[in-house]
Structures are given as structure tokens and as C-alpha cells.
Amino acid sequence: MNMIKLSDKTQTFYQARGKRWLDLAFALPMLILLSPLLASLAIVIRWKLGSPVLFRQKRPGKLGRIFTIYKFRSMTDETDSNGNPLPDDRRLGRFGQFLRASSLDELPELWNIVQGTMSFVGPRPLMTEYLSRYSPTQARRHEVPAGITGWAQINGRNTISWEQKFEFDVWYVEHQCFSLDLKILFLTFYKVLKRDDISADGHATMPKFMGTELPVDVKKAA
């Protein structure tokens, strides 16, 4: 699998060092402080949804490097009469919807941040199968670490098209800075409280990305 190449643009101190230091400074204390909540959620998830409690999946991060993402399980293992898993939106259920709407299912990703495979802010890590489907411009989303939240998440999340989402991701890559990250974090809390843009119609999140045939221009949010 080909690795994503970094652009020739010179990195700022924040991009090169400061962002990682801040990630560690906040992720480690949060893991400790939230450990009772994490343990309680694990017990309830095991009771309501079964095991394993944690959802693990290979995802591409910075430069396309593959890592294991950790999330709380939010779907059951229900199958149809032929033994095939039911569609995601059928297996989600009310409790799973609550976990996703409140973003509590994302809390284990704090460990990804400690590991250095993710950051608080950056493009969301998607399926590895998408790597070969990106246009050269869309692939630039992998020039920075993947994030728990990002510019696309506060500008429509799962209710915008894949092409719009990638436009927002690349815009973030080109404008990444401390003040923008603070803005994204603040607006993320607002979106979580409002429970906005959680899923596309008829899907637990979004339909699969199958590639973009033609360039699509979208107006970016200011």
C-alpha cells in the first residue's frame, strides 16, 4: 500500500510539536479522570449489547499508516434468517443511538491519542478500502494525524456528501493552527449537546464511499 506524501509546505511549531504536546497534556488526565465513567459504560454495554465491549478496526492515519482504532461497541450481533448481519441501522438500537449521539462511544479513542495514532482534532479516520478511491487532492487529508473531531464534523458531519467532507478535510490541512483547533473543539461540544448531523437518512452513519468520478466544488464554511 502506497504511503501518502507530505506537501512541501513548511510546518509551524504548533503543527510539528505543539499539537502533539497538547494532545498528551489533555488525553492522559482525561483517561484518568474518566476511568470510572469508562468502566461503568463498559459494564452497561456488556449487559445490553454483549461482548466484546470494545470495537476494534484497522484504519489509516497520518501518511496512510494503518493503526487500530478503539471505540465502544454500539451495535448488536443480530442476523437475518440466513445468518447474515442485519443492516447497521437495524442493529444500532436506542442504546446504540444514544452512545453515538452523545459521542460516548468515541471515548476509548483517548488511548489512540496517547499512543500517537490520533489527535483530538483532524480528519476522521475512515475505512482502509477507501485509500485507493481518493483523488490526489482528497488523499491530502492524510497529511495530518486523524482526529476524534474535525472541520468536516462541525460542518455537517454525516449529513453532507463525501466530496464535501473531503473538501473540508483538505481545507483543514491547509489552515491547521491552534486557534482553529480550539474553534473546532468548542463547536464540537455545541454539536454534541444539540446532537446534530449524526447520520445520513437511512444509514447508521453514511453510505460507503465508492470514489469520485468528477471534481466537485463546494463552498466552505467560514
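I shall speak about a pair of strands and then about some backbone features in the loops.

This is a predicted model, in which local features need pLDDT of at least 70 and side-chain atom pairs count only at pLDDT 80 or more, while totals for chains, interfaces and linings use all residues. Residues are numbered from 1 along each chain as its sequence is written, and side-chain values use heavy atoms, with hydrogens and water left out.

Let me begin with the strands. Helices (H or I, at least four residues) and strands (E, at least two) are DSSP runs, numbered from the N terminus. Strand 1, residues 54-60, and strand 2 run antiparallel and are joined by seven bridges; two strands pair if DSSP finds at least two bridges between them. Lys-58, for instance, has Thr-68 in strand 2 as its bridge partner.

How many of the seven residues of strand 2 are buried? Six are, so strand 2, residues 66-72, is largely enclosed by the rest of the structure. Here buried means under 20% relative accessible area, exposed over 50%, and partly exposed in between, with a 1.4 Å probe and protein chains only.

I turn now to the loops. The hairpin of strands 1 and 2 has five residues between the strands. Leu-63 is found in that loop and has a positive phi of about 60° although it is not a glycine. Leu-63 counts as buried because its relative accessibility is 13%.

Ser-103, in the loop between helix 3 (88-101) and helix 4 (109-115), is likewise not a glycine, and its phi is positive, near 65°.

Finally, Pro-52 lies in the loop between helix 2 (35-49) and strand 1. The peptide bond that joins Ser-51 and Pro-52 is cis, with omega about 0°.
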